[in-house]
Amino acid sequence: MNTIFTQTQLYTFLLYCDDERLEKTVLDCGAGGRRPPLAIFKDKGFETYGIDISQKQIKFAKEFEEKEQIELNITEGNMLELPFEDESMSYIYSYNSIFHMCKEEIGQAVSEIKRVLKKDGLAFINFPTVDDWRAKVGERVREGEYLQEEFGEKILHSYFKIDEAEIYFNDVKIIYKEVRKRNGYMRDGRLITRGFVDYIIQKL
């Protein structure tokens, strides 16, 4: 497989998933798209599963699977009600996905991830921070929540202070936290700042 994946933070997560004590099962919450990063894990011998709420994004993922002749097991599903048994996955991640809902729903989704995660299992979850250039762009819904234009649609985005999301993790162990802030240029020449905070948590 010669595909170049841009989700570099998932390679860090992959290093943490190299644990012989747990089965190599991984679930991607928000798995669709033209280059589904589940293929990174499939290439390393993991049994892969994914859910996405968008049929369009699932279609893109199926086209990728057909091209690469692999099976990633991506189906339609909602993070608020994961279609998996309790403690059935060793590893779960949500990369650039879980924050497309309100903060109350994010708490429910994190609870679902913890439910499905095996004991000692690991999960990667990331959030955009208030340092991001889009943190106050669009129609304000609630504190830190904005409806923003994406591909012609208004999509909810939730932005977090650096430690704010840790309210979701009070019953698990945070084993990795990285605050990322970088500057870059838009195609029209505007200088922008992107801000994220990444977590790897372990179920106790």
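The model described here is predicted.

Those buried residues of α3 are Ile58, Phe60, Ala61, Phe64 and Glu65. They line one face of the helix, because their directions, seen down the axis of α3, fall within an arc of 155°. An α-helix has 3.6 residues a turn, so residues three or four places apart point the same way. The face of α3 turned away from the buried side carries Gln55, Lys56, Glu66 and Lys67, which are exposed.

Helix α3 covers residues 55-68, 14 residues in total. At 1.5 Å a residue the helix should span 20 Å, and this agrees with the 20 Å between its end C-alpha atoms. Gln69 follows α3 and has a positive phi, near 55°.

Asp52 is buried but has no salt bridge. The nearest side chain of opposite charge belongs to Lys56, 11 Å away.

Leaving out residues up to four places away in sequence, Asp52 touches Gly30, Ala31, Gly32, Gln57, Ile58, Thr75, Glu76 and Gly77. Among these contacts of Asp52 is Ile58, a buried residue of α3.

Definitions and conventions: Residues are numbered from 1 along each chain as its sequence is written. This is a predicted model: local features need pLDDT of at least 70, side-chain atom pairs count only at pLDDT 80 or more; totals for chains, interfaces and linings use all residues. Side-chain values use heavy atoms; hydrogens and water are left out. Helices (H or I, at least four residues) and strands (E, at least two) are DSSP runs, numbered from the N terminus. The expected span of a helix is 1.5 Å times one less than its number of residues. Buried means under 20% relative accessible area, exposed over 50%, partly exposed in between (1.4 Å probe, protein chains only). The arc is that of the directions from the helix axis to the C-beta atoms. Lys and Arg count as positive and Asp and Glu as negative; His and the chain ends are not counted. A salt bridge is a side-chain nitrogen of Lys or Arg within 4 Å of a carboxyl oxygen of Asp or Glu. Contact means heavy atoms within 4.5 Å.
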